[in-house]
Amino acid sequence: MSAARRHSVQAWLFLTPALLLLALFSFWPVGFGSYLAFTDYSLVHPTAWVGLDNFRYIFNNEMFVSGLKNSLLFLLMVPCVQVGALTLAVLVNTRLPGIALFRAAFYVPVVTTVSVVGIMWGFMFHEQGTLNYILQSLRLVNAPLGWLTDDTLALFAVMFVTLWRGLGWYMVMYLAALQAVPADMQEAAVLDGANRWQLFWKITVPMLRPTIMVCSILSVLAALKAYQEVDVLTQGGPMNSTFTALYYAYDQGLKHLKLPRALAASMVVSLFCVGIALLCLRYLKPRHR
């Protein structure tokens, strides 16, 4: 056996355990779930192929259509998260005393469980809670606002919590990328007369394009798959105004035991995720230098 072939066999042997786990817990569930989305699967009667009936049902269902619109509305967070995370990363990318404490503080929401986040922001958003107290003390509002009970405000309140939880994660990624920017390149630009603004836009941002692309794709996927914050804060209310497409899948699959409809909704969300991720890859990929 040649050396190249022997190395190839060794590589596949090392990959086999991971591939088996992926096949068992990822590939098979995705494939079988995709198949069930085209059936009338039930625990009480034989499964029959129904084609696109489940997809026709969900697209004719006002709750799913509204949830899909809300999921797409969550995409408004993506530029806010990226700009906010990059700004935080620039601010904490210094050698000031105690700066590590600030970095840790910004990262705390990422490692805080969603149940704790729900309880905390539930108190904050309560009509007699902290947020309304501050707004009324500053004379910005005359009466308490129903952040989680008003169907015109609830979705944006949930979006804000999602944004707050994600900032620290992307900040760490941008911070790592900032610290990898070659110092000699920045020094050369300064010697050529570049100011701070030019240094940031002409040197730092181009060097960060791979990280910007990855973070944008991850935040797009997280926005389209928004579920946890909805579940702990509003359970889809008030008046189904905070239903997202993925929460609809959970509602149909686990609450109403309509698994094929839930899988069809999940497949639609997955297709949107793939499509928008491909757009990000197309327009945000680094230029050849």
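**Reading aromatic pairs and a kinked helix**

Ring pairs link Trp28, Phe32, Tyr35, Phe38, Trp49 and Phe55 into a cluster.

User: What kind of model is this, and how are residues numbered?

Analyst: This is a predicted model, in which local features need pLDDT of at least 70, side-chain atom pairs count only at pLDDT 80 or more, and totals for chains, interfaces and linings use all residues. Residues are numbered from 1 along each chain as its sequence is written, and side-chain values use heavy atoms, with hydrogens and water left out.

User: How many aromatic pairs are there?

Analyst: Rings of Phe, Tyr and Trp (its six-membered ring) pair if their centres lie within 6.5 Å; planes under 30 degrees apart count as stacked, over 60 as edge-to-face and the rest as tilted. The count by this rule is 17 aromatic pairs. One of them, Trp121 with Phe160, is edge-to-face because the ring centres are 5.5 Å apart and the planes lie at 75 degrees. This pair links distant parts of the chain, 39 residues apart: Trp121 is in helix H6 (residues 114-125) and Phe160 in helix H8.

User: Is Trp121 buried or exposed?

Analyst: Buried means under 20% relative accessible area, exposed over 50%, and partly exposed in between (1.4 Å probe, protein chains only). Trp121, at 8% relative accessibility, therefore counts as buried, whereas Phe160, at 41%, counts as partly exposed.

User: Where is the kink in H8 centred?

Analyst: Helices (H or I, at least four residues) are DSSP runs, numbered from the N terminus. The bend at a residue is the angle between axes fitted to the seven residues ending there and the seven starting there. In H8 a kink of about 30 degrees is centred on Gly166.

Key: Helix = DSSP H or I, 4+ residues; strand = E, 2+ residues; numbered from the N terminus.
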